[in-house]
Amino acid sequence: MAYWYLRHERELLLDLDFATKHVKRPGSKGPQTRSEGFRQRLQTAIREGLLDVEAVWKSESNTERKYHVAVLLKKPVSELEALIWQFHFFSDLLRSKSDLMRYAQGIKPASLLIRNAKFPQFWREPDAQCPCVKKHDTAKMMELGESACDVWKRLRGANPWSLFGRTADVQRYVILPTGSVPLELILRRDVVVDAPQSKAKAEVILRSEVKHSGKYCTVQWKGKK
Ligand SMILES: [Zn+2]
């Protein structure tokens, strides 16, 4: 079962990915993990009277070492302000930028959390639930088309692919010159293919790349040939 929490007007919903992982060089200034970064930044916001907080919940997310955090405020904040606070409190970058883009495009809900258990001791019930056990993987849901999860179709809104495009294959670095940067360097795609068994796939990629951006496409093998 999956439980869907859409952000209500007094809530901030955070997805702290790898919350305990070091995000800074040990010894450098400031919080070393996302979890501690969240705590310190929320402390600052409360101490300086920027946010009036009623309660905070933390719960393991669906994956190990990831946490969901909900902050209940005493007064509603505008949706844009809530999304910026979520970003500021180290909520997952991909989720935060997708939320902001959904907001900018007028897609509702802009922000939500999907959990495989209810938020323990939370102040309210989830907004929706569906029978899915596995994560609502965008590629999988797109592939399922009409048979995809109904709640996902109704509530997920635009997915990261339609907001920002599909993630590119692993590419070799292209160093951009200073000054005027030729667009052809931006578009250059030298695809790096990891495994020898994906040679056939690499050739398909290469053909489509050649069509797409011409002479700049090469495939570099990282594995054995
Ligand atoms: Zn579902």
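View 1. Trp-57 is placed in strand E3, which covers residues 53-60; helices (H or I, at least four residues) and strands (E, at least two) are DSSP runs, numbered from the N terminus. The model shown is a predicted one, in which local features need pLDDT of at least 70 and side-chain atom pairs count only at pLDDT 80 or more, while totals for chains, interfaces and linings use all residues. Residues are numbered from 1 along each chain as its sequence is written. Trp-57 counts as partly exposed because 14 C-beta neighbours lie inside 10 Å; a residue is buried if 20 or more other C-beta atoms lie within 10 Å of its own, exposed if 12 or fewer, and partly exposed in between, with C-beta atoms placed from the backbone. When its neighbours within four places in sequence are left aside, Trp-57 is in contact with Val-69, Ala-70, Phe-119, Gln-121 and Phe-122, contact being defined as C-beta atoms, placed from the backbone, that lie within 7 Å. Leu-13 is 44 residues from Trp-57 in sequence, and the two C-alpha atoms are 9.7 Å apart in space.

**View 2. Gln-121 in the loop between E5 and E6****.** Gln-121, one of the contacts of Trp-57, has a phi near 60 degrees, a positive value in a residue other than glycine. Gln-121 is exposed because 8 other C-beta atoms lie within 10 Å.

**View 3. Phe-90 in the loop between helix H2 (79-88) and H3****.** The phi of Phe-90 is near 70 degrees, again a positive value in a residue other than glycine. Phe-90 counts as buried, since 25 C-beta neighbours are found inside 10 Å.

**View 4. The cis peptide bond from Lys-108 to Pro-109****.** The omega of this bond is near -5 degrees, and Pro-109 has its place in the loop that lies between helix H3 (93-104) and E5.

**View 5. The open sheet of strands E5, E1 and E6****.** The 3 strands are arranged in the order E5-E1-E6 with antiparallel pairing, where two strands pair if DSSP finds at least two bridges between them. Strand E5 (112-115) and strand E6 (128-130) are the edge strands, each of which pairs on one side only. From one strand to the next, the twist averages 20 degrees, with axes taken as lines fitted to C-alpha atoms and angles running from 0 to 180 degrees between N-to-C directions. Strand E1, made up of residues 2-6, pairs with E5 in the antiparallel sense over 4 bridges, and Leu-6 has Leu-112 as its bridge partner in E5.

Terms used
Contact = placed C-beta atoms within 7 Å.
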